[in-house]
Amino acid sequence: LENNRILFEQFVFGYLENEDSNWVNDFGTVHTPYPIIRYMIRKAEQEWSRTRDNNDGLLDSECFVLDPCTGSGHYYISVLEHIYRKAVTSGLGIEYAREQVRIAIGSEEQRGRIVAIDIQPACLLMTLMNLRLFCEQYQINTEFMLPSVHLANSLTVGDEIGPQYLFDLANTDFSITLGNPPWSGHSSFQ
């Protein structure tokens with residue numbers, strides 16, 4: 001599945017760079033290798049669990065995760081994959097793991113606790129496509145799913161006039177923030 005995600009991203013990024021050769025520099029899109037992402041997730045979960053004296057880690061319903069510059073969603077999807085694998089190894093079965101991921105993603109009834117934000121609409125498209133591929137891979141029912149994937153500037157969320165959910169996000173007490181910041185960033189925000 002990672003190969004499908006990478007091919008899709010290469011296609012979209014190639015198209016965007018063709019349209020605007022400065023696209024990557026303007027929006028700071030930098031790929032992080034999956035082994036580094038997985039390491040960062042494990043370390044962040046260990047630290048959060050240690051400070052709360054909690055062994056559930058990312059399975060804990062009180063653990064809210066923010067990916068503030070999601071890009072194509074590598075951190076977002078990897079956190080969901082970590083939740084899935086951890087739930088499976090708990091011994092409660094695959095259906096339990098699927099339900100834990102659905103809860104973490106969010107639905108019409110309950111806001112997701114794994115949140116992704118990006119300033120670039122194309123990045124959100126890739127994140128949502130990667131989420132769809134992930135759900136298909138693990139046979140996770142997407143009916144009524146409402147992912148917390150938002151178009152916004154993570155540096156100013158809640159400061160500007162906008163939809164209520166952005167103000168709600170600004171007031172969320174995130175347990176873990178993970179991601180690869182946009183090193184070059186958009187020039188208007190530097």
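Okay, so when I say contact, I mean heavy atoms within 4.5 Å. Keep in mind that this is a predicted model, where local features need pLDDT of at least 70, side-chain atom pairs count only at pLDDT 80 or more, and totals for chains, interfaces and linings use all residues. Numbering starts from 1 along each chain as its sequence is written, and side-chain values use heavy atoms, with hydrogens and water left out.

Let's start with Tyr76. Leaving aside residues up to four places away in sequence, this tyrosine touches Asp67, Thr70, Ile105, Ile114, Val115, Ala116, Thr127, Leu131, Pro147, Ser148 and Val149.

Where does that put it? In the largest nonpolar core, which has 33 residues, Tyr76, Leu80 and Phe134 touch the most other members. By nonpolar core I mean buried Ala, Val, Leu, Ile, Met, Phe, Trp, Tyr and Cys residues joined through side-chain atoms within 4.5 Å, with buried being under 20% relative accessible area using a 1.4 Å probe, protein chains only. The elements giving two or more residues are α3 (34-52), α4, α5, β2 (114-118) and α6 (121-137), and α4 supplies the largest share, eight residues. There's another core apart from that, with seven residues, including Leu66 and Phe174.

Zooming out, we've got seven helices and four strands; these are DSSP runs, H or I of at least four residues for helices, E of at least two for strands, numbered from the N terminus. The order along the sequence is α-α-α-β-α-α-β-α-β-α-β. And 45% of the 190 residues count as buried.

Terms used:
Buried < 20%, exposed > 50% of the residue type's maximum accessible area, 1.4 Å probe, protein only.
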